[in-house]
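Here's a quick tour for anyone opening this structure for the first time. Have a look, then read on for the main points.

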Amino acid sequence: MELIVIEDRAPASSAPQVLAIGKFDGVHLGHRAILNAARQLTDGAERLAVMSFEPHPTYVLTGNAEYTRWLTPRAERVRLFTELGVDAFYVAQFTRAFQQLEPEAFVDAYLVPLQVQHVVVGRDFRFGRGGRGNVDVLRDLGRDRGFDVGVVDPVEEHGHKISSSRIREHLREGRVEAAQALLGRPYAILGEVVHGDKRGRTIGFPTANLGGIDDYVLPKSGVYAVFVEIEGEREGAFAHAFGVLNAGYRPTVDGAAFQLEVHVLDFDGDLYGQRLRVSFLRRIRDEMKFDGLEALKAQIARDCEFARAVFGLSSDSAIPSQGPA
Ligand SMILES: Cc1cc2nc3c(=O)[nH]c(=O)nc-3n(C[C@H](O)[C@H](O)[C@H](O)COP(=O)(O)O)c2cc1C
Ligand SMILES: Nc1ncnc2c1ncn2[C@@H]1O[C@H](COP(=O)(O)OP(=O)(O)O)[C@@H](O)[C@H]1O
């Protein structure tokens, strides 16, 4: 897949294209419906392309700092679009000048050079200065410029529209399974294993601390059962495994910063510098303040047992399974 950042005018495309336009944060089931509709319009000669915008338009337009974080930062969108067979991903810079473009100017500078044959958007798509452009405006502009417009109705789940903001809300409340139902896959965060306080190993539960996660929407603090993958190949480690993850401030040890740390089940080895993707499968409990490390250690052992039961893994410990406290 080709990744093209657009500053103020799209580069000329050498091939005709079908283009899906939207924010695509999360690449959730609603976004997938748009991509599938676009894919069905491609014939042999046309490329399948996606256009989205950075920084997050909601951040630029509302100033809401939560939108400096993404469900899927650019690298994750690149990965998912590649998996979904997208040929070209255009990232348009959502600058002040961009926001001033009239709908017609947007179409002429951003779509016409791309040899767009079909544009596919969601029903509520808005574009151009002050959000003046909508699907009808886009259709009218396309008529004179040789493209048509496919409109995809919102995908619903239990009568509610699937949206990135609902997924954010679920994650804020720790409802990772509800988030998964809207995403069509578990919510995942990719980070690099950094050094911590080296306390984990002294209590028998080494925890890989994830760094470089500032671009991600973080789930509610608490303990989660997770799926863990190492990005790229590595000799002597695992390709994927299960784990228990603590998200939060670690009140027992007076942690000051929000952290994600994962203890990988049935693994012993060096993970520093590795890139791990953790997928949130099940919330186990709230983060708690314990009277000392022994109590914390006993609870982590129960968390591991609980996760083993969830995953159907055999227990290799003598601690009886009691589930979360
Ligand atoms: C499954 C799991 C659950 C945890 N639960 C809590 C908790 O409820 N409260 C807390 O203060 N710390 C909790 N922790 C974090 C530990 O305090 C932390 O892993 C330990 O201090 C090691 O820190 P280090 O990796 O920086 O050495 C948990 C860790 C894991 C792996
Ligand atoms: N099962 C495991 N799960 C997570 N990390 C492990 C495991 N076994 C060994 N490690 C290694 O131990 C490190 C974590 O140990 P810990 O004492 O918690 O140190 P730190 O405070 O630096 O995270 C990980 O970064 C990894 O390199």
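A residue counts as near a molecule or strand if its C-beta atom, placed from the backbone, lies within 6 Å of it. By that rule 22 residues sit around ligand 1, with Gly-196, Arg-199, Gly-200, Asn-246 and Thr-252 coming nearest. What you're looking at is a predicted model, where local features need pLDDT of at least 70, side-chain atom pairs count only at pLDDT 80 or more, and totals for chains, interfaces and linings use all residues. Residues are numbered from 1 along each chain as its sequence is written, while chains are lettered from A and ligands numbered from 1 in the order in which they are written.

**Around the ligands**

- Strand 12 (240-248), strand 13 and helix 9 (293-311) each give two or more residues to the shell around ligand 1; helices (H or I, at least four residues) and strands (E, at least two) are DSSP runs, numbered from the N terminus.
- Helix 9 makes the largest contribution to the ligand 1 shell, with three residues.
- Sorted by class, the ligand 1 shell holds eight nonpolar, seven polar and seven charged residues. Here Ala, Val, Leu, Ile, Met, Phe, Trp, Tyr, Cys and Pro count as nonpolar, Asp, Glu, Lys and Arg as charged, and the others, Gly among them, as polar.
- Ligand 2 has 20 residues around it, and the closest are Gly-196, Gly-200, Arg-201, Pro-206 and Leu-271.
- Strand 10 (208-211) and strand 13 (259-264) each bring at least two residues to the ligand 2 shell.
- That ligand 2 shell splits into seven nonpolar, seven polar and six charged residues.

**Two domains**

- The chain is divided into domain 1 (2-161) and domain 2 (187-311), with bounds that come from an automatic or database domain assignment.
- Their C-alpha centres are 36 Å apart.
- Five residues of domain 1 are in contact with four of domain 2, contact meaning that the C-beta atoms of two residues, placed from the backbone, lie within 7 Å.
- On the domain 1 side of that contact there are three nonpolar, no polar and two charged residues.

**Helix pairs**

- Helix 7 (residues 164-172) and helix 8 (residues 176-183) pack at about 160°, with axes 8 Å apart. Axes are lines fitted to C-alpha atoms, for helices over the stretch in contact, and angles run from 0 to 180 degrees between N-to-C directions.
- That angle is why helix 7 and helix 8 are roughly antiparallel to each other: angles under 35 degrees count as roughly parallel, over 145 as roughly antiparallel, 65 to 115 as roughly perpendicular and the rest as oblique.
- In this pair, Arg-166, Ile-167, His-170 and Leu-171 of helix 7 meet Val-176, Ala-178, Ala-179, Leu-182 and Leu-183 of helix 8. The contact is made of seven nonpolar residues, one polar and one charged.
- The axes of helix 5 (residues 103-111) and helix 6 (residues 135-145) come within 10 Å and cross at roughly 50°, so helix 5 and helix 6 are oblique to each other.
- Pro-103, Glu-104 and Val-107 of helix 5 meet Val-137, Leu-141 and Arg-145 of helix 6.

- Most residues other than glycine have a negative phi, and most peptide bonds are trans.
- The peptide bond from Glu-54 to Pro-55 is cis, with omega near -5°, and Pro-55 lies in the loop between strand 3 (47-54) and helix 2 (57-62).
- Gln-115 isn't a glycine, yet its phi is positive, near 55°. Look for Gln-115 in the loop between helix 5 and strand 5 (116-122).
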